[in-house]
Amino acid sequence: MSETLEHHETTIEGVRLHWVRAAGPGTPVVLLHGWPQTWYAWRKVIPELARHHEVFAVDLPGLGDSGSSPRGHGVRIAADLLDAWRAELGLDRVHVVGHDLGGPIGYAWAAAHPAPVRSFTLLAVPLHGFGLSELIARAGLWHFGFFSVPGLAERLAEGRERILLEHFYGHALEAGAIRPADVDTYLRSYTRPGRLANGFAYYRNAPADTAALTELARTPLPMPTLAVGCGRAGGPAPVHSLGQVAPATRGAVIDDSGHFLPEERPGPLLSLLRPFLAEADAS
């Protein structure tokens, strides 16, 4: 697959964004990864999507090979940068697909800049202010509180990045979904200076992002929307969440998947995503 991908960098408002492109014959699709991942999380999805679409996978601001934002790292900040990146590339209307952290960023993009967003897909996570806090409490997601303490997680994780990240990758239920070589690829990014701190900053910005998304949700999303949950990690929470801000949301749950949906169950995910994108194009 690496031979078919083009790697690029574009500077937007002083922020260097790294992105990869797979040329395809159809409408553009932008893939937004989660934490602790990079564009590489989409490696199993990109080739199939590129059969019918021009595919872009972006390293989120401050993560992967993208530079840090002087405005800080938050969902709404990242969304505005991504729409400016889209405009800089001359892309007219794009499908946006977000997993984990990329989900609320993709929602903020679609809600704040609806005209250029052809469709929005939310994977494996509920939105700030619309089910995320309830899921954190119900599932006992301890890391949200731990990462929110300024400076503590960075100091404790320094030199122990592999221990920390392998803990999360270990939640993948599909054996071999995230292999040791894949962990090494992610670690090459997350052991770079500032990368863990930037990731934690997204967690620390949750109160501001909750306020921002709550305000954006006053206007329902006008474009086609799809939410996909993981039966072994949160279940229908993404479907219930997106349905609150986009009442016509199409929802599904992939029963035999853990949280890392694009890596654990790329086939079932594509079986939902491809027809949805085709219908969105037709509409």
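Mentor: Ala, Val, Leu, Ile, Met, Phe, Trp, Tyr, Cys and Pro count as nonpolar, Asp, Glu, Lys and Arg as charged, and the others, Gly among them, as polar. This model is predicted: local features need pLDDT of at least 70, side-chain atom pairs 80 or more, while totals for linings use all residues. Residues are numbered from 1 along each chain, and side-chain values use heavy atoms, without hydrogens or water.

Trainee: How do the lining residues of the largest pocket divide?

Mentor: A pocket is an open set of 1 Å grid points where a 1.4 Å probe fits, with protein on both sides within 12 Å along at least five of seven lines; lining residues have an atom within 4 Å of a point. Here 30 residues line the largest pocket, with Asp100, Leu141, His143, Phe144 and His259 nearest its centre. The lining splits into 20 nonpolar, 8 polar and 2 charged.

Trainee: Which helix gives the largest share of that lining?

Mentor: Helices are DSSP runs (H or I, at least four residues), numbered from the N terminus. Among the helices that each supply at least two lining residues are α5 (143-148) and α7 (161-169). The largest share, 3 residues, is from α4.

Trainee: How far apart are the end C-alpha atoms of α2?

Mentor: α2 has 15 residues. The expected span is 1.5 Å times one less than that number, so it should be 21 Å. The model agrees, with its ends apart by 21 Å.

Trainee: Which residue just after α2 takes a positive phi?

Mentor: α2 covers residues 75-89. Just after it, a positive phi of about 75 degrees is taken by Gly90.
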